[in-house]
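Could you walk me through this structure in my viewer? I would like to know what to select at each stop and what I will find there.

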Amino acid sequence: MLQHRKPRPFNRREFSALGAAGLSALALRRAAALELGDPRRPYGERSPFEHAVRSFGPSVTPGTGSSRTPLQDLCGTITPSSLHFERHHSGVPKIDPNAHELLLDGLVERPLVFTMKELSRFPSVSHVHFIECAGNSGREHEGRPGETVQRSHGLFSNTEWTGVLLKTVLEEAGIKRKARWIVAEGADASRMSRSIPLEKALDDVLVAYGQNGEALRPEQGYPLRLVVPGWEGNINIKWLGRIMVTDEPFMTREEAAVYTDLMPDGKARWFTFVMEAKSVITRPSGEQLLDAPGFYEISGLAWSGRGRITRVEVSTDDGKTWTDAQLNSPVFPKAVTRFSLAWKWDGGEAALQSRCTDETGYVQPTREQLISVRGLHPGPDGFNHYNGIKTWFVHRDGKVSHV
Amino acid sequence: MYKRSIFYALAVLAFTATAADLAKHNDPKQTGSLKGRVTSPEAGRYGLGRPAAAADFTKHEYLVDPNGTGLPKGHGTAQEGRTIYSQSCAACHGLHGEGTNEYPPLVDGRATLKSDKPLPTVGSYWPYATTVWDYINRAMPYPNPGTLKPDEIYAVTAYLLAMNGIVPENFELNERTLPQVKMPNRGGFIPDPRPDVK
């Protein structure tokens, strides 16, 4: 919500100080004429003075890979669709919604095919949820902390998704008794596919066609995708073309190898779906500048794949002391909660941290706590599912850097 | 007139929804139930979608599970796979599967998983041979996914497994033998123990 601040009226002393001369000057004063503005336009664009963009480096697979959301430039909780992070393995397909269909087969009473029009006729729901890449902030785990919050935490976005509950679609086909899993397949060139336990599929998973009030963006799966609330990004299959109901997981490459977590004993955890409670300060954050000592609002984002955020604490002294931050409403489950804390910077050095707690009582751990259990063994895709506390260091000259 | 007043009453109700209502609306457990909705007598069925026909399945890839369900008929050996590999795979993954600077190796790494420099590859890490076939079929070769024929994929998979010392050079991989191949790291995976930090 935008907050409109009323212009402050003159107080009596200021008014009388203007004096008679001042009043007559006011009477003669004429502001510079303003030019007529731009005409109407059918699809809006942001102001030309705004420059926040997704960032991405070179990719070994040209044209595809990942791009990161500029979290430091955002306010509120919703990620503008144009700035939602991307991850695609074989490029963004161009799909005609009039030709796109969803096949639902496997252990169902009635294998069915749905057109986009039919899917939009089911009762619809709109839910706010984050999507976070499993590898988001994996470089923090590795010990190569991101210089900015975009680089450290930018594989992360929060959106109002609209669609039909997967439960509704599955029940339309009738689930057979033997069913335990579903396999979802994308219609991109890599035909990305993942297995999801039926219990989750019947809980809160969305077959989504809407993103922040309009159709999905192509990068986010146009015209149809899964939204699997609170679970690692990769399982939120985009360009959804098929759902097969099965009795076992299919052990696709992404679940049997890529998104596993290698432990120090050589064993690897798999089906580590949930993105655990995590928070990060976005303002002030790396490569920003505090102009002068005085008032600043420390502000950031907190989220948990297990439910609602119930508490966020902020430290300005490297975790020695903590103060409860304010949780700005709304606080939705498996969605971003923005927190804020009034802070007076005295011009000295400060180490800013945030730590969140979710409704299960889970408290965001430090990197040291995580490494003591999980070690430093990169798997096939480096480090996944990292959720440690992030520190920003404020220098005496007002510069903010990573630690 | 009566209809219109109902409409206004509903509009007022909708307008006075509180933040708590909104929060409730966002709670997945509170939505999706058919209770209170007007539905056909056959509750739970909306009569949407058409029955899937054989033609609907041909648009989709084979979905292959570890038991081999979904594998098409076909066969190939490592000897046959060598040529296909050198033409379609070696440019990125190296002539012997050793990888290049930017693309992952596909061989070696056995007994490195406990070390400080683990090398997780198809040979040292992947738990199922069916996954290799399925992934090549859906996503490889990177510039032209979906262009290899089933026999070629059996052959390339056999070549990868042979390079890793998992099957002999002349082993014929087909829809029956592929699911029986035992990968070295088959027992290397454990379920999610999280929350794991105390």
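**A tour, starting at a strand pair**

Begin by selecting strands β19 and β20 (residues 337–345) of chain A: they run antiparallel and are joined by 3 bridges. Keep in mind as you go that this is a predicted model. To see one of the residue pairings, pick A:Leu327, whose bridge partner in β20(A) is A:Phe339.

Now widen the selection to the sheet around that pair. It is an open sheet of 4 strands in chain A, ordered β15-β16-β20-β19, with antiparallel pairing. At its edges you will find β15 (278–283) and β19 (326–328) of chain A, each pairing on one side only.

Next, zoom out to chain A as a whole. There are 8 helices and 23 strands to colour, and the C-alpha atoms fill a box of roughly 90 × 55 × 40 Å along the principal axes. Of the chain's 403 residues, 51% count as buried.

Where do the nonpolar residues gather? Select A:Ile182, A:Leu206, A:Val207, B:Val156, B:Ala158 and B:Tyr159, the residues with the most contacts inside the largest nonpolar core, which has 89 residues. Helix α7 (residues 150–163) of chain B supplies the largest share of this core, 10 residues. Apart from this core lies another of 35 residues, including A:Phe130, A:Ala134, A:Tyr259 and A:Ala277.

For a last stop, centre on B:Tyr159. Leaving out residues up to four places away in sequence, B:Tyr159 touches B:Ala78, B:Gly81, B:Arg82 and B:Tyr85.

Definitions and conventions. Residues are numbered from 1 along each chain as its sequence is written. Chains are lettered from A and ligands numbered from 1 in the order in which they are written. This is a predicted model: local features need pLDDT of at least 70, side-chain atom pairs count only at pLDDT 80 or more; totals for chains, interfaces and linings use all residues. A nonpolar core is a set of buried Ala, Val, Leu, Ile, Met, Phe, Trp, Tyr and Cys residues joined through C-beta atoms within 7 Å. A residue is buried if 20 or more other C-beta atoms lie within 10 Å of its own, exposed if 12 or fewer, and partly exposed in between; C-beta atoms are placed from the backbone. Helices (H or I, at least four residues) and strands (E, at least two) are DSSP runs, numbered from the N terminus. Two residues are in contact if their C-beta atoms, placed from the backbone, lie within 7 Å. Two strands pair if DSSP finds at least two bridges between them.
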